[in-house]
There are 2 protein chains.
Amino acid sequence: MDSTRRRADAADNRARIIRAARAVIANADEIKLNAIAKQAGVGQGTLYRHFPTREDLLAEVYREDVDALVAAAPALLAEHEPLTALARWFDRVADYAQVKRGVFAAVEVGVWRDLSAHSLGPIGDALTTLLDAGKADGTIRSDVDARDVILLIGYLTRLEEAEWDARARHLLHIVLDGLRRRE
Amino acid sequence: MDSTRRRADAADNRARIIRAARAVIANADEIKLNAIAKQAGVGQGTLYRHFPTREDLLAEVYREDVDALVAAAPALLAEHEPLTALARWFDRVADYAQVKRGVFAAVEVGVWRDLSAHSLGPIGDALTTLLDAGKADGTIRSDVDARDVILLIGYLTRLEEAEWDARARHLLHIVLDGLRRRE
DNA sequence: TGGCTAAGCGGACATGTGTCCGCTAGCGTG
DNA sequence: CACGCTAGCGGACACATGTCCGCTTAGCCA
């Protein structure tokens, strides 16, 4: 999977699949994997070898967005109190999740897989950073970890478009309250 | 759908499907709808006419369990302070969700459907009762409703078996904290 | 009781995901 | 440059969900 051997066509196919995926996602709102394979001009087997699950593919397609989300964490911490930073980060997640519903679901699954592989993954790391800062200054309860938070905000993927405005941020506040250390 | 006409065979088929579903669920852990149809001795079309989605079927199969959960709410309120009652009710939900993972997911979807039909459904009603009691005595924030809570505890369906003990109750406490009115 | 009518049946079909495996051809080697 | 090894290809296949529609037959009515 690194860069050894047969890279020429394999890497090329991989890139073509990602490009096709972006195209399909942009044009159709239905994301059918075999359609992506077809569009990319490769067999289904090829697609599935490069990206074993739907989530693997989407995670790769939106890697940049994820990176941006991750990078935001330390930046927010530099500017705000830990609790505020976490709240702001939540806001960004909400913004992103609203637009890219399916993607967020994919990211969630990805984070979960990372976790079960005893690694937090980029998003998990970002969250850990935020939580640790809050624990250090006593504003966040000490018995929560990144996985906990991922689970709690997972409702974002199950929210209906119509109720988004009414509930997304509101529930994020409630979660944040639950995470705060109670005086 | 009530009890008019052609009830004889239709109702019979419906009952047979439910029975077959219970049998399949008990024996195999894989729940394949066409297997249930086969076992019930009916066509797939028949199964899907009676239960348009997988969730409809499961919800019916576990109707009794759901009823028990619903009935527990007023009973708990009679014995405990509202906040405690809610906590206990959460415990029951957790117990149930742990054993019947898939079912809980089905129930969640069902509740959601009820909600979009402008009705809370039995579970929603139970939760509303609990929340209202807490709001009345000022222990629960006034800006939450049943749907909010359903969304928040939905993480239960996404928890891995292995992490259940470590997280299920713990997160329920955090949610409860978030629901409390902050002094 | 015999016929009519639509409620209800049931399985073929359409669609989507994910797997498997025989074939192809890129690359290192002599 | 010719050759062989194996990474990688790609599409046929297996399997699940859910839909559709022509046929059957229960129940009402004369």
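1. Across all chains, the count comes to 24 salt bridges. A salt bridge here is a side-chain nitrogen of Lys or Arg within 4 Å of a carboxyl oxygen of Asp or Glu. The model is predicted: local features need pLDDT of at least 70, side-chain atom pairs count only at pLDDT 80 or more, and totals for chains, interfaces and linings use all residues. Side-chain values use heavy atoms, with hydrogens and water left out.

2. Take chain A. R169(A) and D95(A) form a salt bridge through their side chains, at 2.4 Å from N to O. The pair links distant parts of the chain. R169(A) sits in helix α10 (residues 164-179) of chain A, and D95(A) sits in helix α6 (residues 82-99) of chain A. The two are 74 residues apart. Helices are DSSP runs of H or I with at least four residues, numbered from the N terminus.

3. Now chain B. The side chains of R169(B) and D91(B) meet in a salt bridge, at 3.1 Å from N to O. R169(B) belongs to helix α10 (residues 164-179) of chain B and D91(B) to helix α6 (residues 82-99) of chain B, so the bridge ties together parts that lie 78 residues apart in sequence. R169(B) is partly exposed at 32%. D91(B) is partly exposed at 25%.

4. Another pair in chain B is D143(B) with R141(B). Their side chains make a salt bridge at 2.8 Å, N to O. R141(B) is buried, at 15% relative accessibility. D143(B) is partly exposed, at 36%.

5. Which residues are linked in a network of salt bridges? They are D145(A), R147(A), D148(A), E163(B) and R167(B).

6. How do the chains relate? A rotation of 180° superposes chain B on chain A, with 0.0 Å of shift along its axis and an RMSD of 0.1 Å. That is the relation of a two-fold axis. The same surface serves both copies: 100% of the contact residues of chain B recur in chain A. Contact means heavy atoms within 4.5 Å.

7. Of the residues of chain B, G178(B) comes closest to the rotation axis, its C-alpha at 1.9 Å.

Methods. Residues are numbered from 1 along each chain as its sequence is written. Chains are lettered from A and ligands numbered from 1 in the order in which they are written. Copies are superposed by least squares on the C-alpha atoms of residues with pLDDT of at least 70 in both. Buried means under 20% relative accessible area, exposed over 50%, partly exposed in between (1.4 Å probe, protein chains only).
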